[in-house]
Amino acid sequence: MDLGNYFTFEISKDLPVHRWFYYKEGYAPQIVNHFIAEFQPKQSIFDPFAGVGTTLLAGKAKGLKAIGIDVSPLAVFVSQVKCADYSTKDIQDAKEELKNAFQERKEPTYIWDFELFSPKKFFSKRAYNDICFLRERAEEIENEKVGALFLLALLSVLPQVGFFIKDGGVLREQKSKSAMPVKDAFKRKMKQIISDLESSPIHGQIPEVRLADARNFTDASAEIFITSPPYLNNIDYSKVYGLELSLFEMDKNASYRMRNQSVRSFITKEPQRSGYPEEVEELAARLPVAGEYFADMEKVLKNLYKISEHGGVFIVGNSVIREEHILVDEILAKIGERIGFECTIPLYMERTADVRPAKVKVRESAVVFKK
Ligand SMILES: C[S@@+](CC[C@H](N)C(=O)[O-])C[C@H]1O[C@@H](n2cnc3c(N)ncnc32)[C@H](O)[C@@H]1O
């Protein structure tokens, strides 16, 4: 079976419920199902880097109690909304609210701002106003579940309605891009959500999703974990999803707060330069970001050793930084072994990374940590 295709979000983007919010860094439920079949948990599954809830939804569909954490309030919100159950009345209310959404249109009072630049830079005046209007509208809806669906739909269409693209770790202005009207994109998204809820809802125990930092979280227990941590690739989630995050929290500095709690997978101004795992001491002397990344991962793995009964799986990619090829999968396996896990890398796929001036083959792998 070519499971490599399941390491990315490509398949999830067409799957009911999974597709409600595009998360490039996510994976597909099939990879979770594969490892659930291998570990055979009977009751519970944990995801310390839950993202938009792929593991949680897959666990829910298999009748497991799923628990997830993430440091991004946006990711936690998206996961909670995707994992909730919706009654026939909720669906009816959602249809009704959508029909009336643009009636009695008021001038929005909310001013949307973002830490790094004004969102007005990336949206037409009209789109900016429509976004602020819908943000307020979502808040006013009496049925809170429907209000949350409205907000999710609005957050999910921001890239379609603005003049920017997410290019690796940065948001890049692209004035030539055709931007969809907010009203059309929003209605289309809401219709997709309603249709998924009517035709393919995911039944099971409702997963528990919390805002927490995997580096110091031990307040749960589960039979296994299946997750994909941030890759060592200089992607700062608080920047790439900063517009969505600031709109969600209605707070300009939401991204700044999140950045300080994230795994250090991107180059920071002031590296800590100490406390690196012994497996990467030499590497860290040349590349402090790698030292920090593996120091954070060691903390997470130690916590997972306490939390999980049988161990679990990381889906992770190797990296090229300043022309140095870093075998993240093998280093994580070595750290895991020292902590007490039995580690293997049973699956991987290769892709070509364009690390100018050269092209390099890098692996994305499943690292299994067995207890
Ligand atoms: C590769 S994504 C996970 C995607 C997920 N597998 C999915 O399909 O949606 C990594 C996630 O780790 C989160 N994260 C970063 N640092 C974290 C930390 N210290 N504790 C918990 N989550 C963190 C990011 O916000 C991001 O959502």
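The protein has 13 helices and eleven strands, taken as DSSP runs (H or I of at least four residues for helices, E of at least two for strands) and numbered from the N terminus. The radius of gyration is 21 Å, close to the 21 Å that the globule rule gives for 371 residues, so the protein is as compact as a globular protein of that length. That radius is taken over C-alpha atoms, and the rule is 2.2 Å times the number of residues to the power 0.38.

This is a predicted model: local features need pLDDT of at least 70, side-chain atom pairs count only at pLDDT 80 or more, and totals for chains, interfaces and linings use all residues. Residues are numbered from 1 along each chain as its sequence is written.

Buried residues make up 46% of the 371 residues; buried means that 20 or more other C-beta atoms, placed from the backbone, lie within 10 Å of the residue's own.

Now for helix H1, residues 29-39: Pro29, Ile31, Val32, His34, Phe35, Ile36 and Phe39 are buried there. The elements in the table are among those covering these buried residues.

| Element | Residues |
|---|---|
| Helix H2 | 54-61 |
| Strand S6 | 222-227 |
| Strand S7 | 308-317 |

Just after H1, Gln40 takes a positive phi of about 50 degrees.

What about the ligand? It is surrounded by 24 residues, the closest being Gly26, Phe49, Gly51, Thr54 and Ala214; a residue is near if its C-beta atom, placed from the backbone, lies within 6 Å.

Methods. A residue is buried if 20 or more other C-beta atoms lie within 10 Å of its own, exposed if 12 or fewer, and partly exposed in between; C-beta atoms are placed from the backbone. Two residues are in contact if their C-beta atoms, placed from the backbone, lie within 7 Å.
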